[in-house]
Amino acid sequence: MANMSNIKNPMPTLDAALRARCFDEVATGYSEETALNEAARCLNCKNPLCVEGCPVKIHIPRFIQKVKEGDFEGAYQIISQSSSLPAVCGRVCPQESQCESKCVRGIKGEPVGIGRLERFVADWHNTYCTESPARPEPNGHKVAVVGSGPSGLTCAGDLAKLGYSVTVFEALHTAGGVLVYGIP
Ligand SMILES: Cc1cc2nc3c(=O)[nH]c(=O)nc-3n(C[C@H](O)[C@H](O)[C@H](O)COP(=O)(O)OP(=O)(O)OC[C@H]3O[C@@H](n4cnc5c(N)ncnc54)[C@H](O)[C@@H]3O)c2cc1C
Ligand code: SF4
């Protein structure tokens, strides 16, 4: 049954006394129980306007449906068809002006916490999934990707899935671009 609460499940945060003494993330992420409760707010719309608001057109109601069923890995597989960096996007995408700004639940209350659910699913996958992705047949072509920011990593990942042998070049000491040296 749908959860008709007009309020998004709040994002749990690290205790103020603790965060005054460390650099850990302030937002600690949904638990499984909270994710199930938030997913139940989604109406699985026939015409899901949330998808129109997503720049990479993640099939949002389908991944949320998997969360409702408790199939978190299934939810991850749906997101990863359209996005290579869901743990990042779940944290830093401006959902309030993208997918969530179009969600019908936002008309009479707060929209579904799509970003918080995306983050939950990606973190669940990163914690519990130990299987490496299937390696495609090499297609015999080599590609150099210059720069390891989100664009370079996405490009490298998509090409590797198509069988290209990809080498990523990075000028700085660690991979990630602005995700490493800017946003944090
Ligand atoms: C302070 C800050 C906060 C931000 N916050 C957000 C946010 O909250 N949400 C959001 O969606 N976006 C945010 N952004 C924007 C987001 O970070 C960028 O849109 C994104 O990082 C661009 O990705 P990119 O891969 O194109 O470039 P970059 O992340 O800049 O990566 C480019 C990489 O290429 C490397 N490189 C460049 N030239 C060479 C070379 N010749 N050889 C080898 N390596 C090279 C660089 O060292 C770098 O690592 C923020 C940006 C900044 C600066
Ligand atoms: S618009 Fe909102 S309620 Fe409808 S499918 Fe998208 S997230 Fe669910």
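**View 1. A75 in helix α5.** A75 is found in helix α5 (helices are DSSP runs of H or I with at least four residues, numbered from the N terminus). This is a predicted model, where local features need pLDDT of at least 70, side-chain atom pairs count only at pLDDT 80 or more, and totals for chains, interfaces and linings use all residues. Residues are numbered from 1 along each chain as its sequence is written, and side-chain values use heavy atoms, leaving out hydrogens and water. A75 counts as buried because its relative accessibility is 0% (buried means under 20% relative accessible area with a 1.4 Å probe, protein chains only). Leaving out residues up to four places away in sequence, A75 touches F63, K66, V67 and V121 (contact means heavy atoms within 4.5 Å).

View 2. Beyond four places in sequence, I64 touches A39, C42, V112, I114 and L117.

**View 3. E100 and its polar partners.** E100 belongs to helix α7, residues 99-102, and is buried at a relative accessible area of 7%. Its side chain makes a polar contact of 2.8 Å with the side chain of K8 (a pair of N or O atoms within 3.5 Å; within protein, one must be able to donate a hydrogen and the other to accept it, and residues adjacent in sequence count only if both atoms are side-chain atoms). A polar atom of the E100 side chain also lies 3.0 Å from the backbone nitrogen of G115.

Definitions and conventions:
Chains are lettered from A and ligands numbered from 1 in the order in which they are written. Helices (H or I, at least four residues) and strands (E, at least two) are DSSP runs, numbered from the N terminus. Buried means under 20% relative accessible area, exposed over 50%, partly exposed in between (1.4 Å probe, protein chains only).
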